[in-house]
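This briefing concerns ligand surroundings, helix packing and backbone geometry. Please consult the sequence and the structure shown below while reading the points that follow.

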Amino acid sequence: MIKTDVLVIGAGPVGLFAVHQLGVIGLKAEVVDNLDKVGGQCIELYPDKPIYDIPALTVCTGKSLTENLLEQIKPFKTNIHLNERVEEVIKDKDNWKVTTNKKKVFLTPNIIIAGGVGSFEPRKFPLKEAERFENNGIYYSIKDKNYFKNKKVSIFGGGDSALDWAIELSKISEVTLVHRRDEFRGAEHTAQLARKFEKEGKLKIKTPFQINSIEGKKNIEAITVKTEDGKTEKIVTDCVLGFFGLIMKLGPIVEWGLNLEKKTIPVNTENFETNKKGIFAIGDICTYPGKLKLILSGFHEGALAARGCFKLARPNEKYRFEFSTTSKSIQEKLGVKKSD
Amino acid sequence: MPKITYIEHNGKSHQIEVANGLTVMEGAVQNNIPGIDADCGGSCACATCHSYVEEKWFDKLPKKESAEEDMLDMAFEPKKFSRLTCQITVTDDLDGLVVKMPSKQG
Ligand SMILES: Cc1cc2nc3c(=O)[nH]c(=O)nc-3n(C[C@H](O)[C@H](O)[C@H](O)COP(=O)(O)OP(=O)(O)OC[C@H]3O[C@@H](n4cnc5c(N)ncnc54)[C@H](O)[C@@H]3O)c2cc1C
Ligand code: FES
């Protein structure tokens, strides 16, 4: 069990800056995110696109913003638990007991939910049968490629993941790459390499096809694919891999007893607390009159929520407002001034 | 104002007046029509504003940009007449447009 002053759910830009605001007032935070990297939407959806409305930065990219935020919170040596989704939040006397899908448990008086539009999850096949075979023939990621050795593998998708894995697995398995249209959106040279492999007979490519049905009782035996015009074909296969990118799912957040408005959590604008004491929500996931889903708004929300956390984390101390320019205590926490 | 008809997957139909300049997605979201999620707020990055445009309307719409076609790869059950509604801007020419929502957005 990990004890902390504040658990931050979500390592998007807003969650990361909240760590900074907690750090400067002396509160210890732990961060959990379902993705395999920090940065939330900025990294997952638009790493290379320009952002023009971060105060005092004429322009930055989703990636550079994330890198700078990480640099800024470095002094606090915060643990960031990636690849873990927060599943359960239950009251434990004066604390919240928070459990992740990997059964890690946190005990904390405060939770800041900076969960964006929800956790990023793989997009799945639209077929009902696909659920039945999930993790038993149908996969949305690859942990160990050797599992697919000498098997018949059908890979669906048109982006880099689908192309890269089709090329990689074609060296050890019998691969068919299926995509809904003739063009691939992955890197040009990877698409060309896949076409070259196809000509050399190392890889089969089927376009423009989409999945139509899955056949098999205990294990997958074959699938059928079809075109827009209804032409179908059968592919004998052992495994089916889908690479359709990620989608944001609110997921477990709906089960924590919080008020919800559409897919967002109403908060007060004094300290961004939800209807539950000690649970705050900031960034895209919170709502209040006039809410703007902008990164800069999320930064402000984090600053106030951090002060809100102080009360419960340090019940016997009084929070004092200070400027970073002149506060010795803040500069010590940032490691820019030696304490005497 | 142009009238747009949104048909939910269960067949329930909503006819809404949508101001010129808004997108078909915004028309749905601002009027609380279920079936269009628009998680990314219209920046062509989520494919959760996906819908099927009635065939006779499909060719009348401004053509898809490649970013929209790329994003449609990730939509739930894309078909021949699939569009992302955040990429369709309402004009007088679209008066009478009919879009059908997929069974879910993902
Ligand atoms: C294409 C595009 C362009 C944009 N351009 C701009 C712009 O120019 N300026 C601007 O200000 N904003 C812009 N935005 C919006 C901006 O990216 C968002 O407002 C911002 O990312 C919100 O940050 P966040 O930290 O609240 O949430 P997110 O960035 O969504 O991060 C939330 C994180 O929480 C994680 N999470 C959620 N639930 C759980 C759980 N239960 N357990 C573990 N982890 C969980 C998710 O995996 C995710 O990583 C743009 C968005 C898009 C899509
Ligand atoms: S609203 Fe996200 S792609 Fe249209």
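A crossing of two helices is called left-handed if the near helix is turned anticlockwise from the far one by less than a right angle, and right-handed if the turn is clockwise. In this predicted model, helix 1 of chain A passes helix 3 of chain A in a left-handed crossing, whereas the crossing of helix 1 with helix 7 of chain A is right-handed. Helix 1 of chain A also supplies three residues to the shell around ligand 1, the largest share of that shell.

**Location and surroundings of ligand 1**

- Ligand 1 is situated between chains A and B.
- The ligand is surrounded by 35 residues, of which the closest are D33(A), Y46(A), D53(A), D284(A) and I295(A).
- Sorted by class, the shell around ligand 1 comprises 17 nonpolar, 12 polar and six charged residues.
- At least two shell residues come from each of helix 1 (13-24), helix 2 (40-44) and strand 11 (119-122) of chain A.

- D33(A), one of the closest residues to the ligand, has a side-chain N or O atom 2.7 Å from an oxygen atom of ligand 1.
- The side chain of Q41(A) likewise places an N or O atom 2.8 Å from an oxygen atom of ligand 1.
- At S119(A), a backbone N or O atom lies 3.4 Å from a nitrogen atom of the ligand.
- Ligand 1 exposes 1,000 Å² when taken alone, and the protein buries 93% of that area.

**Packing of helix 1 in chain A**

- The axes of helix 1 and helix 3 (residues 62-73) of chain A come within 9 Å and cross at roughly 20 degrees.
- Helix 1 of chain A is therefore roughly parallel to helix 3 of chain A, since angles under 35 degrees count as roughly parallel.
- The axes of helix 1 and helix 7 (residues 295-313) of chain A come within 8 Å and cross at roughly 40 degrees.
- Helix 1 of chain A is therefore oblique to helix 7 of chain A.

**Backbone geometry in loops of chain A**

- Most residues other than glycine have a negative phi, and most peptide bonds are trans.
- The peptide bond from T207(A) to P208(A) is cis, with omega near -15 degrees.
- P208(A) belongs to the loop between strand 15 (204-206) and strand 16 (210-215) of chain A.
- K93(A), a residue other than glycine, has a positive phi near 50 degrees.
- The position of K93(A) is in the loop between strand 7 (86-92) and strand 8 (95-100) of chain A.

Note on methods: Residues are numbered from 1 along each chain as its sequence is written. Chains are lettered from A and ligands numbered from 1 in the order in which they are written. This is a predicted model: local features need pLDDT of at least 70, side-chain atom pairs count only at pLDDT 80 or more; totals for chains, interfaces and linings use all residues. Side-chain values use heavy atoms; hydrogens and water are left out. A residue is near a molecule or strand if one of its heavy atoms lies within 4 Å of it. A polar contact is a pair of N or O atoms within 3.5 Å; within protein, one must be able to donate a hydrogen and the other to accept it, and residues adjacent in sequence count only if both atoms are side-chain atoms. Accessible areas come from the Shrake-Rupley method with a 1.4 Å probe; for residues, only the protein chains shown count as cover. Helices (H or I, at least four residues) and strands (E, at least two) are DSSP runs, numbered from the N terminus. Ala, Val, Leu, Ile, Met, Phe, Trp, Tyr, Cys and Pro count as nonpolar, Asp, Glu, Lys and Arg as charged, and the others, Gly among them, as polar. Axes are lines fitted to C-alpha atoms, for helices over the stretch in contact, and angles run from 0 to 180 degrees between N-to-C directions. Angles under 35 degrees count as roughly parallel, over 145 as roughly antiparallel, 65 to 115 as roughly perpendicular and the rest as oblique.
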